[in-house]
Amino acid sequence: YVSALADDVPALSSVGWFARRLIDMESRTRLRHLSEWIQTASDRMDVDDVVAKAAGMLDRVSGDRSDAVADGAALADTLWQSLTTETIAAPSVGDPDLDELFSPALGGVGRLTVIAARAGMGKTALVLNLLLRLARRGVGVALLSMEQPVEQVVKRLCAMDGCAPFSKLDSRPPGMHPEAWHGPREWERIHEHIEFMSTAPFFIDDKPGQSLAYIRSRLVRLAARAKRSGVPLRCVGVDYIQRAKCPGENRPEALATFCQGLADLARELRVSVLALSQFNRAIDGRGPSAMPRMSDLAGSSGIENASDVIYGLARPGRFTPEPDNVIRVDCLKNRHGQDGQRFNLEWRGSHLQIGGRTAAGST
């Protein structure tokens, strides 16, 4: 039908224009149906869910207007760009040990990385350290925090930036003035951190129980906003998978669908997604020195299947007489290279900071 349109127009080159008009007509029809759906759904669904799902439907209408099939010339161009464009290389976090460990997660585009641990092992601190280091180097980052409110997150970031111990930032004796509590040097560092954060390419959404539709809607808009600012969004932290809103009676299947959706979204937006996950209690029965396994992931084997990279975290000194100054990181899966490496990273608990290799090294 589109080809036959050329019989009624002055030149064959007009076929493309008419084809776009047909696509526009179809898009308007789908938009009208979307509007009608919103009117009926608003009476029986939560407002946030309506907005999130409508945004996803709207994005699909927009996506259907583009041709996703690449020919040989496009494939060759894609290969050349991937080999020569510096922005596709893994962004540095400013520490050679951390760069080496997390290059599988941050390198390339569109990767889903799972960072897993039992509660209180430092997985949130790890991802916040990485995001802060990237933001310090001008890389656009975002955090979807379903566990902690933004007030707690910003205090943790302030401590990680070396301003003051987290315990001092999180509490103050009644009646004591902030400047007297922190002292001149700490107060100066806090002001420097606030000045940096006021212009940092750092976004935080602390809505609890985020659904996949909500996350997609939020990240699509954040990516567009970051691109307009001149600092593209490169890395997104999700804290954490088991806190997500996954509808369905079968929880493992719902978690698998959610994780696959995160992987698809990472590829679509060309960002690195660092999703935090809990380990189940099976690892506790193997002792504090036990090596984590992918089977320890809580909730669903679908988390393992959807992930490009998986790290397991532990702090051996938390349950032993040894000093609690080491975070052990095991690379359990690496779809893009070697796995099985173990890094012992420095843990400075007072400031929630994670540094490079300790004297214990790695294997």
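This is a predicted model: local features need pLDDT of at least 70, side-chain atom pairs count only at pLDDT 80 or more; totals for chains, interfaces and linings use all residues.
The chain contains eleven helices and nine strands, and of its 363 residues 46% are buried. Among the contacts in the chain with a separation of 6 or more, 64% are between residues 24 or more positions apart.

The largest nonpolar core comprises 49 residues, and those with the most contacts inside it are Phe 102, Val 141, Phe 202, Leu 274, Tyr 311 and Leu 313. Helix H5, which spans residues 123-136, supplies the largest share of this core, namely nine residues. When residues up to four places away in sequence are not counted, Val 141 touches Leu 131, Leu 134, Ala 135, Pro 201, Phe 202, Phe 203, Leu 233 and Cys 235.

Two packed helices are described by the angle between their axes and the distance between the axes. In the case of helix H6 (residues 150-160) and helix H8 (residues 178-197), the axes come within 10 Å and cross at roughly 120 degrees, so that H6 is oblique to H8. This crossing of H6 and H8 is right-handed. On the H6 side the residues Val 154, Leu 157 and Cys 158 take part, and they meet Ile 190, His 193 and Met 197 of H8; by type, the residues of this contact are five nonpolar and one polar, with no charged residue.

The loop between helix H1 (15-41) and helix H2 (47-63) holds Met 45, which is partly exposed at a relative accessible area of 27%. Leaving aside neighbours within four places in sequence, Met 45 is in contact with Trp 37 and Val 50.

Most residues other than glycine have a negative phi, and most peptide bonds are trans. Against this background, the peptide bond that joins Asp 239 and Tyr 240 is cis, with omega about -5 degrees, and Tyr 240 is placed in the loop between strand E4 (233-239) and helix H10 (251-269). Arg 270, although not a glycine, has a positive phi of about 60 degrees; this arginine is found in the loop between H10 and strand E5 (272-278). A positive phi, near 55 degrees, is also present in Leu 352, which lies in the loop between strand E8 (342-348) and strand E9 (353-362). As to accessibility, Arg 270 counts as partly exposed at 46%, whereas Leu 352 is buried, with a relative accessible area of 10%.

Note on methods: Residues are numbered from 1 along each chain as its sequence is written. Side-chain values use heavy atoms; hydrogens and water are left out. A nonpolar core is a set of buried Ala, Val, Leu, Ile, Met, Phe, Trp, Tyr and Cys residues joined through side-chain atoms within 4.5 Å. Buried means under 20% relative accessible area, exposed over 50%, partly exposed in between (1.4 Å probe, protein chains only). Helices (H or I, at least four residues) and strands (E, at least two) are DSSP runs, numbered from the N terminus. Contact means heavy atoms within 4.5 Å. Axes are lines fitted to C-alpha atoms, for helices over the stretch in contact, and angles run from 0 to 180 degrees between N-to-C directions. Angles under 35 degrees count as roughly parallel, over 145 as roughly antiparallel, 65 to 115 as roughly perpendicular and the rest as oblique. A crossing is left-handed if the near helix is turned anticlockwise from the far one by less than a right angle, and right-handed if clockwise. Ala, Val, Leu, Ile, Met, Phe, Trp, Tyr, Cys and Pro count as nonpolar, Asp, Glu, Lys and Arg as charged, and the others, Gly among them, as polar.
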